[in-house]
Amino acid sequence: MFTYFKRIIRTGFINFWRNGFLSFSAVIVITLSLTVFGALIFGSAFGRALIKAVKNKVDINVYFTLDTQESDIFSLRKTIEALPEVLKVEYISRDQALTDFKTKWQDNALIMQGLDEIGSNPFPAVLNIKAKEPSQYAGIATFLNGKNSSQNGTDIIDKINYNQNKLIIDRLGRIIPAVEKTGSIIAILFVIVAIVIVFNTVRLIIFTAKDEISVMKLVGASNIYIRGPFVISGAMYGIFSGILTLIILGAFAFYSDAMIMKFAGIQNVNDFPILTNVFSSYFLQNFGQIFGIIMGSGIILGAISSYMAVKRYLRV
Amino acid sequence: MIYFDKVSKIYPDESMALDKVSFTVEPAEFVTIVGHSGAGKTTLMKMIIAEDKPTYGSVFFESANVHKLGKGQMNKLRRRIGTVFQDFRLIANKTAYENIAFAMEAVGRTDSEIKSDVPHVLELVDLGNKIWNFPHELSGGEKQRVAIARAIVTQPDIIMADEPTGNLDPVNTLEIIKIFQKIHKLGTTVILTTHDKSVVDEIGGRVITMEKGKVIRDDKHGKYVL
């Protein structure tokens with residue numbers, strides 16, 4: 001049995017090298033298809049990074065009346081944190097708000113003078129709430145409206161800025177699932193097209209070997225023995241294509257950040273940090289997964305295409 | 001050994017390649033099948049190795065109906081038949097050695113058997129010096145000798161040669177026929193098709209004559225009457 005498989009593998013390797021031009025053609029076509037896969041992976045990562053950044057920008061601020069006791073705020077904060085749709089709640093005290101304001105406007109004498117003239121701290125305490133999904137903010141706002149009273153019955157919430165953010169939050173709630181759905185459909189279509197192209201290329205290569213297959217059948221070789229070397233060659237197309245694709249994707253990942261900044265016309269990296277090193281860091285952090293997907297897809301695509309393409313010529 | 005029982009073959013275009021053909025081939029016989037192009041010789045050969053199926057009738061190899069064998073049994077049958085074609089059908093990307101070794105690998109011979117038998121059989125067909133040549137580096141006669149070496153290396157019970165000299169010049173034709181005669185003398189059954197009178201005259205032996213898909217003569221001693 002060992003000799004049997006050794007012969008199949010050896011013949012597969014020999015055929016790969018001897019059919020140099022055909023093997024080269026197959027490697028190029030599979031590389032192009034795998035690059036499409038890779039582009040989809042990167043596109044999806046970029047999309048996810050964008051969506052995550054936009055989601056992070058959306059929040060609800062609850063502004064309390066100036067005379068609200070901290071104990072009432074902490075009590076409400078605890079209640080909010082217990083909600084399953086809430087990701088994070090941040091408390092900004094009146095003193096903290098004042099300090100932040102002063103730090104921000106310390107160079108503006110007019111504003112600082114105006115603040116001095118007021119005499120007291122005009123800033124209310126704030127709870128900054130982030131939900132897990134943009135669509136959940138409406139529910140949180142409704143919940144907060146029902147909690148607008150202290151232990152002694154007075155109103156503690158001055159205003160909730162949900163209504164100001166409602167439009168963008170509602171739109172994001174609709175757009176993000178639509179973008180994700182459309183992206184998935186486009187990705188599936190690209191993958192199908194890539195598979196069809198690879199399959200047809202391999203089928204043409206096997207077509208050139210149809211006489212060889214019929215001779216093998218007529219000398220009494222078993223189907224596995226005939227098919228095996230073609231499947232090995234197909235897997236080798238996948239391995240070489242996978243290596244080429246990883247080189248292309250790696251090069252793209254490391255040079256794309258500068259290109260994106262250039263095309264987007266961004267002068268300073270800090271203006272748009274979301275676009276900084278998005279591909280290169282994704283490539284490095286997920287190299288194992290990308291390697292597995294690209295090499296695995298290449299090998300499976302090459303081997304299965306060869307396996308299926310040989311099938312029709314085995315009926316001798 | 002081989003028995004054709006009223007075998008007919010009608011192709012989808014309604015042409016009749018074989019018309020109720022019946023004959024028997026005994027072990028160790030040398031049978032030459034003659035006929036013009038289109039007489040049905042190649043179709044008849046294809047029936048023996050189950051490369052094509054009869055529309056009516058049956059072909060038996062010993063007691064087995066060739067066209068009712070399963071895949072595994074079919075492979076075993078084909079390993080007992082060495083086949084030589086007019087167009088050689090060598091595998092283009094394999095050397096002479098590898099073309100022959102492949103047939104031995106297919107029947108499960110060991111590496112040491114292959115290493116000793118392949119050079120030996122190439123010597124038998126006088127190609128000891130072309131062992132590592134690819135088919136495109138060989139002449140027509142040399143290609144046919146490699147094909148014969150491939151057919152005989154597994155020591156089959158029958159050698160079937162379909163127009164083996166069809167693409168060869170008279171000198172090579174004679175040499176190839178001598179090789180078949182040698183193989184026959186060692187006890188192997190040989191079935192050979194040709195439309196070349198000189199081949200029939202050289203071989204002698206039993207001659208089956210075909211015309212328009214029918215067997216019209218079956219002579220024990222070589223006669224080319226067409």
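Biologist: How many helices and how many strands does the secondary structure of chain B come to?

Modeller: The model is a predicted one, in which local features need pLDDT of at least 70 and side-chain atom pairs count only at pLDDT 80 or more, while totals for chains, interfaces and linings use all residues. Residues are numbered from 1 along each chain as its sequence is written, with chains lettered from A and ligands numbered from 1 in the order in which they are written.

Chain B has seven helices and 10 strands (DSSP runs numbered from the N terminus, a helix being H or I with at least four residues and a strand E with at least two). For its 226 residues the globule rule gives 17 Å, and the radius of gyration of chain B is close to that at 17 Å, so chain B is as compact as a globular protein of that length (the radius is taken over C-alpha atoms, and the rule is 2.2 Å times the number of residues to the power 0.38). Taken along the principal axes, the box that the C-alpha atoms of chain B fill is roughly 45 × 40 × 35 Å. Burial applies to 44% of the 226 residues of chain B (buried means 20 or more other C-beta atoms within 10 Å of a residue's own, exposed 12 or fewer, partly exposed in between, with C-beta atoms placed from the backbone). Of the contacts in chain B with a separation of 6 or more, 65% come from residues 24 or more positions apart (a contact being two C-beta atoms, placed from the backbone, within 7 Å).

Eight residues from domain 1 of chain B and nine residues from domain 2 of chain B take part in the contact. On the side of domain 1 of chain B that touches domain 2, helix H6 of chain B, residues 170-185, gives the most, with four residues. That side of domain 1 of chain B has five nonpolar, one polar and two charged residues (Ala, Val, Leu, Ile, Met, Phe, Trp, Tyr, Cys and Pro count as nonpolar, Asp, Glu, Lys and Arg as charged, the others, Gly among them, as polar).

Chain B also holds an open sheet of four strands, which pair antiparallel in the order E2-E1-E4-E5 (pairing needs at least two DSSP bridges between two strands). The edges of this sheet are strand E2 (16-25) and strand E5 (64-65) of chain B, and since each has a single partner strand, one side of each is left without a neighbour in the sheet. Strand E4 of chain B, residues 56-61, runs antiparallel to E5(B) and is joined to it by two bridges. Opposite Phe61(B) stands Ala64(B), a residue of E5(B).

Ile81(B) is placed in strand E6 of chain B, residues 81-84, and counts as buried because it has 23 C-beta neighbours inside 10 Å. Apart from neighbours within four places in sequence, its contacts are Ile48(B), Ile49(B), Pro156(B), Ile158(B) and Met160(B). Gly213(B) lies 132 residues from Ile81(B) along the chain, and the C-alpha atoms of the two are separated by 23 Å.

Chain B meets chain A through 16 residues of chain B in contact with 17 residues of chain A. On the chain B side, helix H2 (71-79) and helix H3 (96-106) of chain B each supply at least two residues. H2(B) gives the most to this side, with five residues. The side of chain B that touches chain A has five nonpolar, three polar and eight charged residues.

For context, chain A has 11 helices and four strands. Its radius of gyration is 31 Å, whereas a compact globule of 316 residues would have one near 20 Å, and the C-alpha trace of chain A spans about 100 × 40 × 35 Å along its principal axes. Of the 316 residues of chain A, 28% count as buried. Chain A is likewise divided, into domain 1 (2-55 + 171-314) and domain 2 (66-155), and the centres of these two domains of chain A, over C-alpha atoms, are separated by 51 Å.

Terms used. Domains from an automatic or database assignment.
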